Amino acid sequence: MKKTWVVIAGLAMSLNIISTAMAAEALRVAADPVPHAEILQYVKKIDPSLDLKIIELTSGVNANELLAHGDVDANYFQHVPYLRDQEKALGQTFAVAATVHIEPLGIYSRKITSLQQVPDNATVAVPNNVTNLSRALYLLQANGLIKLKAGFNDPAKHQATPKDIAENPKQLKILEIESPQIPRSLDDVELAVINGNYALEAGLVPAKDALGLESADNNPYANILVTTPKLAADPRIKKLAEDLQSPKVAEFIRQNYQGSVIPVAGK
């Protein structure tokens, strides 16, 4: 019996040492430069006890692959519909640790100043990944530029593709491009549907420059902090999630992005 208790005590001590060692390590978080890494930098400022190592993502790097391979402990750049598609593609299961903010998708142009000026046969650049392509088509529909087939009225439930366009009165040409590259296409197309973070990186102000902007109400595309099921209970992840959903971070987002990024927690 005494030997059993010694073994149990030894195991408990070992687990405690492992937990302490993990807590002492920097938490590696992959994030898009704007606004995600900026928000994480603010978290570092208000919570010095949380040792964050922020890894800014560059074009072509899949942050979910980094997470799956153990190269980072978490990532912060995506919304749930995109994550679910990634889980299928990678054959992985991830864990959502926090829901933080919305970056409204916007319609932009350097050739016209209102959607009433959209010419016939205009080319519209849209994201080429499944979830954001669908999101862009719903935004075009919400602004009266196209109409999707019957039943396509809930972006959270039904993903649309160009084949699902039922009415296209201006005969718009849908051009699918990688999301980070779309701002560079603005001089070559009549309209471009751009993710909020890439718009900000390109010097656009979604709340001011967008000709049409996604509504934040009942928006299924809130950006999330993602980790692995194994790390979901890690105290560092829980602390970061708490910080990201705090009133201080919500106020930072409101003050710094002026409606171009909208907090969904900490209000």
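In what follows, Ala, Val, Leu, Ile, Met, Phe, Trp, Tyr, Cys and Pro count as nonpolar, Asp, Glu, Lys and Arg count as charged, and the others, Gly among them, count as polar. By that scheme, the lining of the largest pocket has 13 nonpolar, 17 polar and 7 charged residues. The model is predicted, so to speak of local features a pLDDT of at least 70 is needed and side-chain atom pairs count only at pLDDT 80 or more, while totals for chains, interfaces and linings use all residues. Residues are numbered from 1 along each chain as its sequence is written, and side-chain values use heavy atoms, with hydrogens and water left out.

**Pockets**

- A pocket is here an open set of points on a 1 Å grid over the protein atoms alone, where a 1.4 Å probe fits and protein lies on both sides within 12 Å along at least five of seven lines, and its lining residues have an atom within 4 Å of a point.
- The largest pocket holds about 820 Å³ of space, a volume being the space filled by probe spheres set on the points, which are joined across faces, edges and corners.
- Its lining comprises 37 residues, and those nearest the centre are Asp32, Tyr82, Ser179, Pro180 and Tyr198.
- At least two lining residues of the largest pocket come from each of strand E3 (74–79), helix H4 (80–90), helix H5 (130–142) and helix H6 (196–201), where helices (H or I, at least four residues) and strands (E, at least two) are DSSP runs numbered from the N terminus.
- The second largest pocket has about 250 Å³ of space, and among its 15 lining residues Tyr138, Pro155, Glu214, Ser215 and Asn219 lie nearest the centre.
- H5 gives the most to the lining of the second largest pocket, with 5 residues, and this lining divides by class into 7 nonpolar, 5 polar and 3 charged residues.

**Helix H5**

- H5 has 13 residues and reaches 19 Å from its first C-alpha to its last, close to the 18 Å expected at 1.5 Å a residue, the expected span being 1.5 Å times one less than the number of residues.
- Of the 13 residues of H5, 10 are buried, where buried means under 20% relative accessible area, exposed means over 50% and partly exposed lies in between (1.4 Å probe, protein chains only).
- The buried residues of H5 include Arg135 and Tyr138, and just after the helix glycine 144 takes a positive phi of about 75°.

**Aromatic pairs**

- Rings of Phe, Tyr and Trp (its six-membered ring) pair if their centres lie within 6.5 Å, with planes under 30 degrees apart counted as stacked, over 60 as edge-to-face and the rest as tilted.
- By this rule there are 3 aromatic pairs.
- Phenylalanine 77 and tyrosine 82 form an edge-to-face pair, because their ring centres are 6.0 Å apart and their planes stand at 80°.
- Phenylalanine 252 and tyrosine 257 are also edge-to-face, with centres 6.3 Å apart and planes at 85°.
- Ring pairs link Tyr42, Phe252 and Tyr257 into a cluster, in which phenylalanine 252 is buried at 15% relative accessible area and tyrosine 257 is buried at 9%.

**Backbone details**

- A cis peptide bond, with omega about -5°, joins valine 34 and proline 35, and proline 35 lies in helix H2 (residues 33–46).
- Asparagine 121, in the loop between strand E5 (106–108) and strand E6 (123–127), has a positive phi near 65° and is partly exposed at 43% relative accessible area.
- Glutamine 258, in the loop between helix H9 (247–257) and strand E13 (262–263), has a positive phi near 45° and is exposed at 54%.
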